[in-house]
Amino acid sequence: MSTGTMKKSHSQWSSRMGFMLAAAGSAVGLGNIWKFPYMAGQMGGSAFVLTYLLFMFVIGLPILVLEWLIGRRGQKNPIHTMEDVAASEGHSKSWRWVGIIGVVGSFLILSFYSVIGGWATDYIVLAAQGSFEGANGDITGKIFESFLGNVNHLLTWHTVFMAVTAFIVAMGVGAGLERACKIMMPGLGILLLVLVGYAAYVSGPSFTAAFKFLFTPDFSAINGTAMLAALGHAFFSLSLGMGIMMAYGSYLGKDVNLLSTACTVVILDVIVAMLSGMAIFPLVFANGLQPGEGPGLIFVTLPIAFGNMAGGTILGVLFFIFLTFAALTSSISLLEPTVELLEEKTPLGRKSATIASSLVIWALGIACLLAFNEWAEVKLFGKNLFDLLDYLTSKIMLPLTGLGTVVFGAWMMNQKRIREELNLNDFWFTVWTVLTRYIVPVAVIIILVYGFL
Ligand code: TRP
């Protein structure tokens, strides 16, 4: 059983720090730097951003705590954890479905995640070649356009990214990667700060405009679509709903304080997303670019900064290297559940399980990649394949499994034990109960219903 293999490597992270690094490594990724800004841009800015922030703390945080708590109880992969914990609390093993949808979802997410991870990797090379030197928005836009049109090129980098992900998972060297990220993650943070500083320095009034765009409370703009998008992204960004945090919870020591650790991870995750937004939008406005540009947003804006600042070439190379590493710590967490399941349910060993699942994900990724060029017009339900997969996972599967987790945690499990485990006093236990029993499930249901109307 692979849980054993993983446990071996994970058991070395004896400290709370090590665990947090792994959890934060899974959470912080393309979701924060690539997806958050382009979604904020498409959804008209602050309405999306403020709801996203609210959902991160009110909905994401309790679910994160519950996933860890359930995982720590179950000590197995998400599907068997759900079965066992349900059975031990006297409930049906059908709760395993929360775990099953999770595994399928992580598989689907990885197919498009790897395509974008490939873009980030390729941009290391483009930056190193000095392609952005002196570039304005026109030029970076053209570079990105011709890049998107070059199928072989995209395919190569998608393949590279997927192969590296598979290699790390097959060899079980994830812990090494997490350690590398001890340097890379703070590096990414510092570079984002430099970019925000640069944006503030060169774009003057556009910086204020960007700040207003992202943070002015304008609740008139909040509608069902923006709310569902914000909810889905809160889950995506915290790696929730796919059993991944549950799996990480199974390596947690009893002594780790779930609440404070979860707060740290949520805050870190939010900070990275906000920095990314504040680095990008001033450049969008200063260069007359479109906030609603879509998935290419960071790839047309940040190169402008790298192309025009002192030392921009080297900073650009570093930035895309760090981004690729952040994406890898997330992609390995997305591949692990499928591999684990195949290993347990089929005669395949870890290596063959990794190769088999990676090949299928890779092939599905090719179809996503073609959605950006040759198959742009191939649509199902009015969406191309990339949009469709994103929609199905972020807006349907993640909220549904999140709902399953919170209903299970708040209504099916012994609350007294949870209270002891979380070390809550009367006041906070009441807050916790009202939140997890009523507010979170009702909010998720309402948002799902409104999102589809
Ligand atoms: N959270 C990661 C990011 O922001 C992506 C990710 C990793 C993820 N594991 C996940 C998303 C599980 C949903 C579910 O880039």
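Here is a short tour of a predicted model of a protein chain and its ligand.

Residues are numbered from 1 along each chain as its sequence is written. Local features need pLDDT of at least 70 and side-chain atom pairs count only at pLDDT 80 or more, while totals for chains, interfaces and linings use all residues; side-chain values use heavy atoms, with hydrogens and water left out.

Let's start with the fold. The protein chain has 19 helices and zero strands (DSSP runs, H or I of at least four residues for helices and E of at least two for strands, numbered from the N terminus). Its C-alpha trace spans about 65 × 50 × 45 Å along the principal axes.

Now to the ligand. Around it are 17 residues, of which A27, G31, Y113, F236 and S239 come nearest (near means a heavy atom within 4 Å). By class, this shell has nine nonpolar, eight polar and no charged residues (Ala, Val, Leu, Ile, Met, Phe, Trp, Tyr, Cys and Pro count as nonpolar, Asp, Glu, Lys and Arg as charged, and the others, Gly among them, as polar).

The polar contacts below are pairs of N or O atoms within 3.5 Å.

| Residue | Protein atom | Ligand atom | Distance |
|---|---|---|---|
| G31 | polar backbone atom | oxygen | 2.8 Å |
| S237 | backbone N or O | nitrogen | 3.3 Å |
| S333 | side-chain N or O | nitrogen | 3.3 Å |

Elements giving two or more residues to the shell around the ligand are α2 (16-27), α3 (30-42), α6 (96-128), α11 (224-237) and α15 (312-345).

Definitions and conventions:
A polar contact is a pair of N or O atoms within 3.5 Å; within protein, one must be able to donate a hydrogen and the other to accept it, and residues adjacent in sequence count only if both atoms are side-chain atoms.
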